Amino acid sequence: MEELEMQVSQIEQLIANGDFVGLEEFLNELNISEVEELIDELPEHGPLFIESLNLNRAVNVFRILDFPTQNRIFKKLSKAKISALINELPPDDRTSFFSEMKDDIKHLILLLPPKDRVEALALLGYPEDSVGRLMTPDYITVKAHWSIERILGHIRRYGKDSETIDVLYVIDSNGKLIDDIRIKDVLMAEPETIVGDLIDYRLISLNAYDPQEEAINIFRMNNRVALPVVDGQGVMLGIITVDDILWVANEEYTEDMQRIGGTEALDEPYLDVSIKNLVKKRAGWLIVLFLGQLLTATVIEHFEEQMASAIMLFALMPVIISSGGNSGSQASTLIIQAMALGEVTLSDWWRVMRREILSGLLLGLILGALGFLRIMAWQSFAHSYGEYWVLVALVISLSLIGVVLWGSLMGSMLPFVMKRLGADPASSSAPFVSTLVDVTGLLIYFTVATLILKGVLL
């Protein structure tokens, strides 16, 4: 932090003195991550920083910025810098940037040479959240009959244009992917070795139309730096590298956390969202939750007359509804996270239900026992519940068992329902589950109270 403050001070001094040559030299000596931090600290000078950097470093800095920052800077760059950036951005980063642009991008695509223009349009033609939008066509392919010596010559000639040379891809004469081999295996082999001798046919690939979320799970499970992308016939189209997957995983995680919190996903950083859009994103769920709470009030009003003679039941009501809401929120969060990690799929719903019935019952018994002990303790010291305190304690205990069990079931099953309907499971967020369990929990509570206390206190 101290070093960043010193850099900010030096930058401001150079700009104040009009020493733009010194600024260029200073920026080109920094790591790209340090330049990114300076842009965050001095956002008004972001365009100047990108203009001052040499082209290669400007591209590398630009590609690690979040889109709102990219867009803000891009609009203030010179035409020459815009053209240079667009042409030098790697195809996957360029596709990502074009995908986020709200404005017409035709004039930007026209800045590309014909070959790159066709490539950009092809990548943009894939569905928005598909693997095809993340892939790059810059990779190294080899043939099974090539020797190691020939491969090394091929890499020297074309490797500089590849996104990565950590992995080489073996294709046949029709462009179909046969296998991939690690550069380590190539370097360790004798020069006369044939590629076919290195192939083990344990190939992992992605389809261009696969969801990006699926690609995240495959990368996570297979520990790869890059994976090939093929079409329906197995023809190789491109590769996806782990840096792109990390960006997508971070975006997915952020969106899920926002939805779990009971709001729509924000399209940009919190401080960049206008008050109008912030209210718009949050109002929908708040209205839905408010209407749900109105149902809670309706249930209370319905039982109000019956419960009038047992006012202590209303005093204990928060204990019941909060316990149900908490158990539901716990279950919902656990299942949503398990789905995001690929640990749980739609076909696992019955296994999850059985587990939640058992765990919900045990948790309910624990809280029910504590509830009984609480009533007993208060009765011993203050005689708060009269001669029928045992029945009141029984109502609380049984209600807690029922409500916690129901909350666990509802919280665990709602993500499956949302997934089955094609919605994001994170939409069955903790506030949503809590509100639903409040309503049903009160029904359970008042029903148990009526059955046990009817003719005694009611």
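1. A pocket here is an open set of points on a 1 Å grid over the protein atoms alone, with protein on both sides within 12 Å along at least five of seven lines.

2. The model is predicted: local features need pLDDT of at least 70 and side-chain atom pairs count only at pLDDT 80 or more, while totals for chains, interfaces and linings use all residues. Residues are numbered from 1 along each chain as its sequence is written, and side-chain values use heavy atoms, with hydrogens and water left out.

3. The lining of the second largest pocket comprises 20 residues, a lining residue being one with an atom within 4 Å of a point. Pro91, Pro137, Asp138, Asp161 and Ser162 lie nearest the centre. Two or more residues each come from α7, α8 (91–100), α10 (114–124) and α11 (148–158); α10 gives the most, with three. Helices are DSSP runs of H or I of at least four residues, strands are runs of E of at least two, and both are numbered from the N terminus.

4. By class, that lining has nine charged, seven nonpolar and four polar residues. Asp, Glu, Lys and Arg count as charged; Ala, Val, Leu, Ile, Met, Phe, Trp, Tyr, Cys and Pro as nonpolar; the others, Gly among them, as polar.

5. Helix α7 (residues 79–88) also packs against helix α5 (residues 55–64), at an angle of about 70° and with the axes 10 Å apart. The axes are lines fitted to C-alpha atoms over the stretch in contact, and angles run from 0 to 180 degrees between N-to-C directions. The two helices are therefore roughly perpendicular (65 to 115 degrees). Leu55, Ala58, Val59 and Phe62 of α5 meet Lys81, Ala84, Leu85 and Glu88 of α7, contact meaning heavy atoms within 4.5 Å. Six of these residues are nonpolar, two are charged and none is polar.

6. Five bridges join β3 to β2 (residues 167–171) in the antiparallel sense, and Val167 stands opposite Arg182.

7. A further open sheet, also mixed, runs β4-β5-β6. β4 (206–207) and β6 (236–241) each have a single partner strand, so one side of each lacks a neighbour in the sheet. β4 and β5 (residues 226–230) run parallel, joined by two bridges, with Leu206 opposite Val229.

Conventions
Angles under 35 degrees count as roughly parallel, over 145 as roughly antiparallel, 65 to 115 as roughly perpendicular and the rest as oblique. Two strands pair if DSSP finds at least two bridges between them. On a 1 Å grid over the protein atoms alone, a cavity is a set of points where a 1.4 Å probe fits but cannot get out, and a pocket is an open set with protein on both sides within 12 Å along at least five of seven lines; lining residues have an atom within 4 Å of a point.
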